[in-house]
Amino acid sequence: MYYYLKCIECGAEYSKDEVIYTCSKCDGLLDVIYDYSSIELDMEKLKTECPSVWKYAKLLPIEREPVTIREGGTPLYKCDRLAEKIGIKELYVKHEGMNPTGSFKDRGMTVGVTKALELGMKTVACASTGNTSAALAIYGAKAGIPVIVLLPAGKVALGKIAQALMHGAKVLSIRGNFDDALALVRTLCSQEKIYLLNSINPYRLEGQKTIGFEIADQLGFRVPDRIVLPVGNAGNITAIYKGFREFKILGITDSLPKMTGIQAEGSCPIVKAIKSGAPEITPEDNPETVATAIRIGNPVNAKKALSAIRESGGTAESVTDEEILEAQKDLARLEGIGVEPASAASVAGLRKLVEMGVIGRDETVVCITTGHLLKDPQTVIEVCEEPTVVDANIESIRKAIFGNNK
Ligand SMILES: *Cc1c(COP(=O)(O)O)cnc(C)c1O
Ligand SMILES: [Zn+2]
């Protein structure tokens, strides 16, 4: 398959055999460029086979057997009760918490770790707010290569650390935030023969673009009016938009969704840039939010994400931690969808934008829930009522359920 890497800033081109993450001339972000006219898809297979990342292998930059634990193929739920509460006609939730490690990061890592092997790299590393490290740990384990992860100390949800540890990664807790950890791991990977698998690595985004393919696929090759998702490093919003663009280029679909990114109020450089019309973001030094997966002050894919949002006619909005936690409960209690706080930002943002009149009530909307509830049990314990402790007899149980008068 023919493809190469191209700088989005200066247009410099790099061969697929190079180990490179950003442009060596201007430090710009790189994109994977294909010759779409040479890609032949089996439309019969596309219409009948179940969705999964590797169903779309002909649109992925990989030539060897993939390192896979059956990622993708996550459910797209039609959410009528939640739609009614928010006041829109047609709402779907794409629950990425149903991936092998419980977040969409698996889609990027199945491709990224396979690419590491293809390039002959024998060790992989990342900085992470948690989910990236969990995903890298399982694909490294499956591939049989060492994994190094750098995490911001004290700011990673319990379930995510548990995964990185159990799957055998070398886990370093940095006295600093995510942005510090990323700067350090980039230095490490430039000094040693270690493959960097943060979302600055363009191959990860290639795996994640399959979310866009799957949504179109699951809607019968129809494109929703809008995609709403949480934004941290802004790789996913970029990747999903690319997926929809490619299906349109290939003539499989005929429109594009409005890409709508949601950030937490305490950590929202993309929202500020969209609202002010600035060409670039201004990094935030001390990002803070209960949604630790999007607690990022200097999103590495900001440039790509700003283009995706603007080009698609989408927007960006911020929500408070309270709004995030309320949306988390709504997803759980109206739809049976258990998500970690960052994921609920999508639904909180949708509600706010509908109330503001920015999103029309007749739009077909897909919210992406990026990670599973069990990733962050500590927050649940803090925001839910505690279990009622009762004596082991039926009177106490009846009293606890019905009160004193029954
Ligand atoms: C990584 C992550 C995000 C943010 O995705 P970006 O690509 O960094 O914007 C959101 N939610 C969860 C649960 C994540 O793990
Ligand atoms: Zn460049």
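Which residues coordinate the zinc ion (ligand 2)? I began with this question, keeping in mind throughout that the model is predicted.

**Entry on the zinc ion**

I looked up the donors and found that the zinc ion (ligand 2) is held through the SG atoms of Cys7, Cys10, Cys23 and Cys26, at 2.3 to 2.4 Å. Reading along the chain, I noted that these donors of the zinc ion follow the spacing C-x2-C-x12-C-x2-C. I then checked the geometry, where the angles among the four donor atoms run from 97 to 118°, and the site of the zinc ion is accordingly recorded as tetrahedral.

**Entry on polar contacts and burial**

I went through pairs that involve oxygen atoms of ligand 1, and for Lys105 I found a polar side-chain atom 2.6 Å from an oxygen atom of the ligand. For Asn233, by contrast, the atom concerned is a polar backbone atom, and it lies 2.7 Å from an oxygen atom of ligand 1. Gly232 also takes part through its backbone, with an N or O atom 2.8 Å from an oxygen atom of ligand 1. I then looked up the areas: ligand 1 taken alone exposes 380 Å², and the protein buries 97% of that. Finally, I checked the cavities and noted that the largest cavity is the space taken by ligand 1.

Terms used:
Residues are numbered from 1 along each chain as its sequence is written. Chains are lettered from A and ligands numbered from 1 in the order in which they are written. This is a predicted model: local features need pLDDT of at least 70, side-chain atom pairs count only at pLDDT 80 or more; totals for chains, interfaces and linings use all residues. Side-chain values use heavy atoms; hydrogens and water are left out. A polar contact is a pair of N or O atoms within 3.5 Å; within protein, one must be able to donate a hydrogen and the other to accept it, and residues adjacent in sequence count only if both atoms are side-chain atoms. Accessible areas come from the Shrake-Rupley method with a 1.4 Å probe; for residues, only the protein chains shown count as cover. On a 1 Å grid over the protein atoms alone, a cavity is a set of points where a 1.4 Å probe fits but cannot get out, and a pocket is an open set with protein on both sides within 12 Å along at least five of seven lines; lining residues have an atom within 4 Å of a point. A molecule sits in a cavity or pocket if more than half of its atoms lie within 2 Å of its grid points. Donors are N, O and S atoms within 2.8 Å of the metal (3.2 Å for Na, K and Ca); water is not among the atoms, so sites may look incomplete. Four donors count as tetrahedral if all angles lie between 85 and 135 degrees; four count as square planar and six as octahedral if opposite donors are over 155 degrees apart and all others between 65 and 115; anything else is irregular.
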